[in-house]
Structure formats: C-alpha cells, structure tokens
Amino acid sequence: MKKQTARIVAVALALLLALPAAVAVPSLFASEKIPSGAILSPDGKWAAASRVRKEYESDQGVYERIEEALLFDAKKDKLLKTYDIVGINFSFCWSANSRFAAASFYGRTWGSFQIIDTQTRELHPELPSGAVYEALLAAGATFELNPFGSGYGVVSATEWLDGSRVLLAYAFLDSLDNTQTGTITYDVLSAELSDVRQNTPRGG
C-alpha cells in the first residue's frame, strides 16, 4: 500500500512539473492588490492567483497548507472574488478570449481543476475524475482502476484549444499497478469530453 501511494504521489508530481501554464505563487498576506505571481488574461483585463488560506501541522506531524483561488480586475488592481477551492500548488491558464481561467490544483495523492468564468465570476461545476475514466472506457480503454488508487486520479488543465475547449492531462493507477496517462478534450460550455489520446502504460 505504501509503495502504491508513493507511486501515485510521483505521478501527481510528474504532471505538475509538466504543466506548461505559469504557476501563480501564493502569498501569505491577504492583500487586495494583485500579487506579483498573478497570471494575466490575454486581454489584460483579468488576473488569477492563489494565496495560502490556512497552514497547520497534521496529526501525523506533516506540514500542510490550504490555498484559495483569486480573481482580480487587472485594470483597477482590485480583488473581485475569492474561490473556496481546497488544494495546493495552483497553476492557471487562460482561454484565448479571456473568458475562462482554468485553475489546476493538487492534494497529496490527487489532482483536479476548476474553471473560473469571468462573465459570471462563478466556478463551473467541477468535473469528477470518474467522468474522465468513463470517457476512456467509452473510447475503448480496457484497464480497471487500482482498488487502492481509484480515488487518487490526477486530471489537470494544460492548455486551451479555443474559446471553450481545454486540453486535460490525466493519470490513473490501474489494477496491474501500471500508470495510465494521456489527454482528453473538455468543452466547458457543453460539458462534453472528446478526443481521447492514451499513452503507452508505464509499468509499476
């Protein structure tokens, strides 16, 4: 079990390091101004960033932190809204039309993403990693998830293909202890998944 958890953590870290999107550096100071690590939208109107909301030591003596995502009006250097997204190591990438910001974030053994909509200033419903796995099966994938790792999938946003479609990278541990990785396209407006591309599994 410890070996499997360690491999899952390694997969999450590998995806994090591979992300092309710039990483917003969180700040311990609850400033209403745009921090230096914020990511500007292509049109220069918006900025996305993250900051540390809570730091603590777990019962196991492990240092933990929880961050939150922030949306700014870049023209007025003003904080518009904070988003209660539990995770760490946030990264952001903007759609070309500057409407959407994809925020990818991680836990110790998992990774996910959410979409900030600047038109509504709300979060789109989070896409569960199970939906990605179901799309893989529908596209012909035959692997089964590892019973000890089914809740530890990593699904992150890597780049926008157009104004509403974002390319996702995924990583799952299968029942044979192989790491299954690839990409899939997610349409934010229709909530549809398509264009599955699966890599050759990496053995455990």
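About 40 Å³ of space lies in the second largest cavity of this structure, which holds two cavities of 30 Å³ or more. This is a predicted model, in which local features need pLDDT of at least 70 and side-chain atom pairs count only at pLDDT 80 or more, while totals for chains, interfaces and linings use all residues. Residues are numbered from 1 along each chain as its sequence is written, and side-chain values use heavy atoms, with hydrogens and water left out. A cavity here is a set of points, on a 1 Å grid over the protein atoms alone, where a 1.4 Å probe fits but cannot get out; its lining residues have an atom within 4 Å of a point. The grid points are joined across faces, edges and corners, and a volume is the space filled by probe spheres set on them.

The lining of the second largest cavity is made up of Phe113, Gln114, Ile115, His124, Pro125, Glu126, Leu127 and Tyr186. Strand β7 (residues 111-117) contributes most to this lining, giving three residues. By type, the lining has five nonpolar residues, two polar and one charged. In this count Ala, Val, Leu, Ile, Met, Phe, Trp, Tyr, Cys and Pro are nonpolar, Asp, Glu, Lys and Arg are charged, and the others, Gly among them, are polar.

Stepping back to the whole chain, there are two helices and 12 strands, in the order α-β-β-β-β-β-β-β-β-α-β-β-β-β along the sequence. Helices (H or I, at least four residues) and strands (E, at least two) are DSSP runs, numbered from the N terminus. Of the 204 residues in the chain, 48% are buried, where buried means under 20% relative accessible area, exposed over 50%, and partly exposed in between (1.4 Å probe, protein chains only). Among contacts (heavy atoms within 4.5 Å) between residues at least 6 apart in sequence, 49% join residues at least 24 apart.

Helix α2 (residues 129-138) has Val132, Tyr133, Ala135 and Leu136 as buried residues. Seen down the axis of α2, these buried residues fall within an arc of 160 degrees, so they line one face of the helix; the arc is that of the directions from the helix axis to the C-beta atoms. An α-helix has 3.6 residues a turn, so residues three or four places apart point the same way. The cover over the buried residues of α2 includes β9 (154-160), β10 (165-173), β11 (179-187) and β12 (192-198). After α2 comes Gly140, with a positive phi near 110 degrees.

Strand β9 is itself largely enclosed by the rest of the structure, because six of its seven residues are buried. A hairpin of four residues joins β9 to β10, and the two strands pair in the antiparallel sense over six bridges; pairing requires that DSSP finds at least two bridges between two strands. Within this pair, Val154 stands opposite Ala171 in β10. Ser91, in strand β5 (residues 88-94), counts as buried because its relative accessibility is 1%. The C-alpha atoms of Ser91 and Ala157 are 8.9 Å apart, although 66 residues separate the two along the chain.

Most residues other than glycine have a negative phi. Ala191, in the loop between β11 and β12, has a positive phi of about 60 degrees and is partly exposed at 48% relative accessibility. Asp195, in strand β12, has a positive phi near 50 degrees and is partly exposed, with a relative accessible area of 43%.

Key: 1 Å grid on protein atoms, 1.4 Å probe; cavity = no way out; pocket = protein on both sides within 12 Å on 5 of 7 lines; lining within 4 Å.
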